[in-house]
Amino acid sequence: MPERLRSPATYTGRRLGPPLRSACFGTAKESNARYRRLVAQGAVGLSLAFDLPTRLGRDSDAPLARGEVGRAGVAVDSIDDMRVLLHGIPLDRVATSMTINAPAALLLLLYQLVAEERGIPAGRLTGTVHNDVLGEWIARGTCVFPPRPSLRLTADLLVYCKAELPRWRPVPISGRLLAEAGATPAQEIAFTLANGIEYVRTAVAAGLDADDLAPLLEEIARLREALVSDDVEPAALDLMRGVEDLGGALAALELGFQQREIEGAPASRTARHRGTDLGDRVVVADHGVAARQAERLAKLRAWRDQERVDVHISALRKAASGQDNVLYPMKEALAAGATVGEVCDALRETWATYGEEP
């Protein structure tokens, strides 16, 4: 077992690509100060970037999180951190974008819980969670839950948002991750379209219809337009047929098809994104972030009603092992004070972790 989490760039041996250009802060308090300044200056949209342990469903005091807490993003371990992160932010007047992927449902539920504590109905919340788990697997090899349960979680999130958060976009798709991983233009377009088609299939199987999927279908249509009158069209269509012949994006992913294709891309393409892991991101170098987060977690676990947490975690496990939507018991567990790591651990243990533990 490794001593700490590695940057997603190291999971597949491929570079992540151009650095993010948004400032990142280690603790919820530090990030909140910046967000409040932006809102005071007239900002109507916020971008929440989370640190690596949060994105991989690990608490800040977990051994695997050592050295990564608060780096290149904010550490959010519980509803307590989310309250601090969003303090003073008019959640009914801003659109929020969350960069999170696999644990997207957890962070969105924490956001909703804080809003509801302030009397803001969930139906007034607007924003996006970057939840392209297929693109994340192909481009970075980051694995939190197995592929099929991850898509089941995506379906549960889509159904939940239709019922509870109708103004929220739960599954935007983009070829950016694939391009950063070294995909050729044809690979980027083909695999992005194939991923979008897989999400649509997953949503339809979960009982949603075309009206519910309008934003996702519009994105797929815009990506499809990129093929028209373009010399990449034949190659992209061949790749899409290859994915379909294997049973679709999920089946092809499980066979490693997309990853092998990208790894075999021309060296000139894959070499263009070489550089340092963090590039020119603004990174908090305060080594006390982890200690402060660990202290907050210790206080949370000492003050919360552990019996209540256990009841809701058990309900979450039951839903995950069956067919019920996991977001409802997940929300109750998070409201009771369960941590992001504890909720993800319950799902990991129920679904088993895909591939090698990062």
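**Reading the labels**

Guide: Leu85 is in contact with Ala28, Ser31, Asn32, Tyr35, Leu48, Phe50, Val74 and Val76, leaving aside residues up to four places away in sequence. Keep in mind that this is a predicted model.

Visitor: Which residues touch the most other members of the largest nonpolar core?

Guide: Leu85 and Met330 do, in a core of 60 residues. Helix H4 provides the largest share, eleven residues. H1, S1, H3, H6, H15, H16 and H17 are among the elements that each supply at least two. There is also a second, separate core of 39 residues, including Leu151, Ile189, Leu208 and Leu239.

Visitor: How many aromatic pairs are there?

Guide: The structure has four. One of them joins Phe145 and Trp351.

Visitor: What makes the pair of Phe145 and Trp351 edge-to-face?

Guide: The centres are 5.5 Å apart, and the limit for a pair is 6.5 Å. The planes make an angle of 85°. Edge-to-face requires over 60 degrees, so the label holds. This pair links distant parts of the chain, 206 residues apart. Phe145 sits in the loop between H5 and H6, and Trp351 in H17.

Visitor: Why is Phe145 called buried?

Guide: Its relative accessibility is 1%. Buried means under 20%, so Phe145 qualifies. Trp351, at 12%, is therefore buried by that cut-off as well.

Visitor: Why is the pair of Tyr160 and Tyr328 edge-to-face?

Guide: The ring centres lie 5.0 Å apart, and the planes stand at 65°. That angle is over 60 degrees, so the pair counts as edge-to-face. Tyr160 belongs to H6 and Tyr328 to H16, 168 residues apart.

Visitor: Are Tyr160 and Tyr328 buried or partly exposed?

Guide: Tyr160 has 1% relative accessibility, so it is buried. Tyr328 has 37%. That value falls between the 20% and 50% cut-offs, so Tyr328 is partly exposed.

Visitor: Which helices each supply at least two residues of the lining of the largest cavity?

Guide: H4 and H6 do. H6 gives the most, with four residues. The lining includes Asn101, Ala104, Val133, Ser150 and Leu157.

Visitor: How does the lining of the largest cavity divide into nonpolar, polar and charged residues?

Guide: Six are nonpolar, four are polar and none is charged.

Technical notes:
Residues numbered from 1 in each chain as written. Predicted model: local features only at pLDDT ≥ 70, side-chain atom pairs only at ≥ 80, totals over all residues. Heavy atoms only, no water. 1 Å grid on protein atoms, 1.4 Å probe; cavity = no way out; pocket = protein on both sides within 12 Å on 5 of 7 lines; lining within 4 Å. Nonpolar A, V, L, I, M, F, W, Y, C, P; charged D, E, K, R; others polar. Phe/Tyr/Trp six-rings, centres within 6.5 Å; stacked < 30°, edge-to-face > 60°. Buried < 20%, exposed > 50% of the residue type's maximum accessible area, 1.4 Å probe, protein only. Core = buried A, V, L, I, M, F, W, Y, C linked by side-chain atoms within 4.5 Å. Contact = heavy atoms within 4.5 Å.
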